[in-house]
Amino acid sequence: MKKKPCPHTITRLFAGALGALAFLLGAPPAQAAVKSAADETITLHVVPERDVVYRGGSREVIVEVEVKAKRPAESYRSPVNLSVVLDRSGSMAGAKIEKARQAACAALDKLEPDDFFSLVIFDNRTELLIPAERVGTVQHRAEWKSRIERIQPGGGTALYAGVQMGAKEVRRNLDAERVNRVILVSDGLANVGPQRTSDLVELGRSLREEKLSVTTIGLGDDFNEDLMTGLAEASHANYYYVKDAEKLPGIFAEELGSAGSRVASSIRIRIEVPAGVCVREIVGHPEIKCEERAAEISLPELFGSEHRIYHLRCHVDEAGADSVALAKVGLTYEDEAMKKRASQTGSASVRLTDDEKKSIESIRDETARNVAVLQNRLDKEAAVALADAGRPKEAAALLEQRVYGNAQAPANRQLPAVAEENRRLQSWADELKAKGNLGNTSRKAAQYENYQDRAQKR
C-alpha cells in the first residue's frame, strides 16, 4: 500500500512551492528560512543580517545560512572502521605513552563487535601492531589490549608513514556505510620521511577523496600545530590540542562518540541570487568559490548536533525598489538513517529605506554575535600570520583593535563570554609586545581556538 504523506510534509512542500513561485514572479520570499519539519535530519535556516537596508549606504548585506543536524535517536549508531596511529617516539616516554596506551584501550571499549579496528605504532619506522579485524568478543579485545599495554617509546617520528599505514588498514574495509577514520596521536615534529605541512595537507585531501578522514591529536607543546590542523581539516576530520596527557582517554571517548552519530553525508548547499543582487564572498572561507550570482558549498558529512553557519556577503545593485529578494538556498543530502536523498529550500529578502537609523535598528542580534565570532577568528588568524612574518607590533595592534571592537558592541550583540575572550586576546597582544613573538603554548592555543571557530565547535 502506498504511504500517504504526512500533513507536515504537505505543508512544507506547499510552502516551498509558494516560495519558488514568488521568487519567479519577483515577489519577495519570506524573511526567514522555510523551516524543516521536526523529523527532518537537518534543519536549514536562512536569514538576512538585517531586515532593512539603507539606500544611501553601501547596500552590502550578509545572508546567514545555517545547517544543523539533529541529535540521532539513542538506538541509532553508524558502524565504525577505525585505525589508531600512535606516536611512540622517544619524547612520548613517561605519562604521555602511558595515557596514550590507556586511550587506545578505551577506544576498544567504545567499539561494537562488528566495528573494525587496527593499530599502528611509529617512531623512525612504522609497525602494524594490530591488523584490521572486526572487534569481536570481549576475549578478543583483551588480547589486543595486552599488546597495546606493552608499547614502549623508541626513536624518531615517521608521522607521514604512520598515517599512510593506518589509512591502508582502514582501506581494507572501506565502506560508505561506515565512518572510515584514522586517529593520529603525536607529541613531536615529523622528522622521518615527508615533513612539510603541505605534504600532510595533500595526503589529507587524497584520503578525503577516498571517503577516509584523519583526526589528529597534538599532545604537549612541541608538535607542529599547522601540520596537525592542516591534515585534519584537509581530510574533513577533527583536531585536538591536548596539553595534559591525562585528558587523552576522554578525547578518544569524545571522538568515537561523535563518529558513531553520523546523520547526513554528501551535503550540498546551493545559494543563488536574482538579477539586481550579486555575490561578493562567503566571509572567512576563501576556499569556497563564488560566481557573481551563485555560490556552492559541499560538506562530506554531519554528525549529531553539529551545525555549520555561513555568511554570504552580497550587494543590492537596485536602490529604487521597496523590497528585494536576496537569495534562495537549496540543500540536498543523504539521510543516513533513512538511506535516501533529501532536500530543503530556504530564502531571504530585505526592504529598502531612506532612514539609516531604521536599517541599524533592524540588525538581528544573534546574527551580529555570529559575525563577531567570525571577525574575531579572522583577526586572530591574521595576527598569527603577522607574528610569524616577524611583524609583532602589527599583530599586537590588530588584537588590541579587536579587543576594543568587542568591548564597544551593544550589550545585546556582545560575544558570549566577551570578557574572557578579550582577556586572552590582550594577553597575546602583551606577549607580542614584550617578547616579539608568540611562544609555543600561546601560538597553539590561538591556532586551536581558530580551528574550533572554523569548525564551529565552541
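Two strands count as paired if DSSP finds at least two bridges between them; strands (E, at least two residues) and helices (H or I, at least four) are DSSP runs numbered from the N terminus. The model is predicted, so local features need pLDDT of at least 70, side-chain atom pairs count only at pLDDT 80 or more, and totals for chains, interfaces and linings use all residues. Residues are numbered from 1 along each chain as its sequence is written, and side-chain values use heavy atoms, with hydrogens and water left out.

Select residues 60-69 and 307-316: these are strand 3 and strand 13, which run antiparallel and are joined by nine bridges.

The open sheet of four strands has the order 1-3-13-11, with antiparallel pairing.

Now select residues 365-388. This is helix 9, which packs on the sheet and touches strand 1, strand 3 and strand 13; contact means heavy atoms within 4.5 Å. The direction of helix 9 makes about 100° with that of strand 13, where axes are lines fitted to C-alpha atoms, for helices over the stretch in contact, and angles run from 0 to 180 degrees between N-to-C directions.

Finally, select residues 225-234 and 440-454. Helix 6 and helix 12 pack here at an angle of about 15°, with their axes 10 Å apart. Helix 6 is therefore roughly parallel to helix 12 (angles under 35 degrees count as such). Among the residues making the contact are Glu 225 and Asp 226 of helix 6 and Arg 443 and Lys 444 of helix 12.

Technical notes: Parallel < 35°, antiparallel > 145°, perpendicular 65-115°, else oblique.
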